[in-house]
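Colleague: Could you take a close look at the charged pairs in this one, and at the surface next to them on your list? I'm new to this, so please spell out the terms as you go.

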Amino acid sequence: MQGALGIGANLNKWSEQDFTLATKMIALYKRIRPTVQTGDLYRLSSPRTSDLTANQYVSADGKQAVLFAVRHSQQYNAPPPTIYLRGLDERALYRIDPLDNKLTEKQAQLSGAYLMHHGLNVNLRGDFDSTALVLERVQ
């Protein structure tokens with residue numbers, strides 16, 4: 001989803017669960033496509049310096065941000081590093097819509113200042129675990 005969405009698989013071999021997940025992912029992509037394709041990109045964590053890659057996109061008007069985090073290989077059961085977001089309005093509140101239950105912060109809304117200075121923690125365990133979340137500015 002970090003660019004153009006593509007699905008490369010033999011659809012004749014998919015289960016109902018596969019189609020349900022694909023439907024959910026396509027709907028999410030349609031929701032975030034303008035932000036990912038034309039927003040500002042922040043590379044928050046590099047695979048060259050960490051076992052976590054984190055990329056954040058912020059829409060031109062600042063109303064939406066999208067975070068993608070991928071754990072390449074877990075080292076000695078160590079938790080992934082805190083992810084400090086960028087490009088947000090420090091005075092604004094953001095509603096957080098996680099793709100799954102891997103976000104350790106359970107607040108429905110956090111300030112831009114909190115997100116950029118205290119960061120977010122994601123519970124990514126094992127090789128190639130990943131997550132995504134959408135932030136929508138509410139005020």
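**Patch and salt bridges**

Modeller: Let's start with the surface: L5, I7, L11, F19 and I26 make a nonpolar patch of about 390 Å². To count for a patch, a residue needs over 30% relative accessible area and no salt bridge; like charges are joined within 9 Å, and nonpolar side chains (Val, Leu, Ile, Met, Phe, Trp, Tyr) within 5 Å. The areas themselves come from the Shrake-Rupley method with a 1.4 Å probe, and for residues only the protein chains shown count as cover.

Before going on, keep in mind that this is a predicted model: local features need pLDDT of at least 70, side-chain atom pairs count only at pLDDT 80 or more, and totals for chains, interfaces and linings use all residues. Residues are numbered from 1 along each chain as its sequence is written, and side-chain values use heavy atoms, with hydrogens and water left out.

Now for the charges. Searching the whole structure turns up five salt bridges, where a salt bridge means a side-chain nitrogen of Lys or Arg within 4 Å of a carboxyl oxygen of Asp or Glu. One of them pairs E136 with R31, and their closest N and O atoms are 3.4 Å apart. That pair ties together distant parts of the chain, 105 residues apart: E136 is in strand β6 (residues 129-137) and R31 is in helix α1 (residues 16-38). Helices (H or I, at least four residues) and strands (E, at least two) are DSSP runs, numbered from the N terminus. E136 is buried at 16% relative accessible area, while R31 is partly exposed at 33%.

D129 is buried at 15% relative accessibility, and K102 is partly exposed at 22%. Shared partners also join R31, D97 and E136 into one salt-bridge network.

Finally, R91 bridges to D89, the closest N and O atoms being 3.9 Å apart. R91 is exposed, at 76% relative accessible area, whereas D89 is partly exposed, at 29%.

How values were computed:
Buried means under 20% relative accessible area, exposed over 50%, partly exposed in between (1.4 Å probe, protein chains only).
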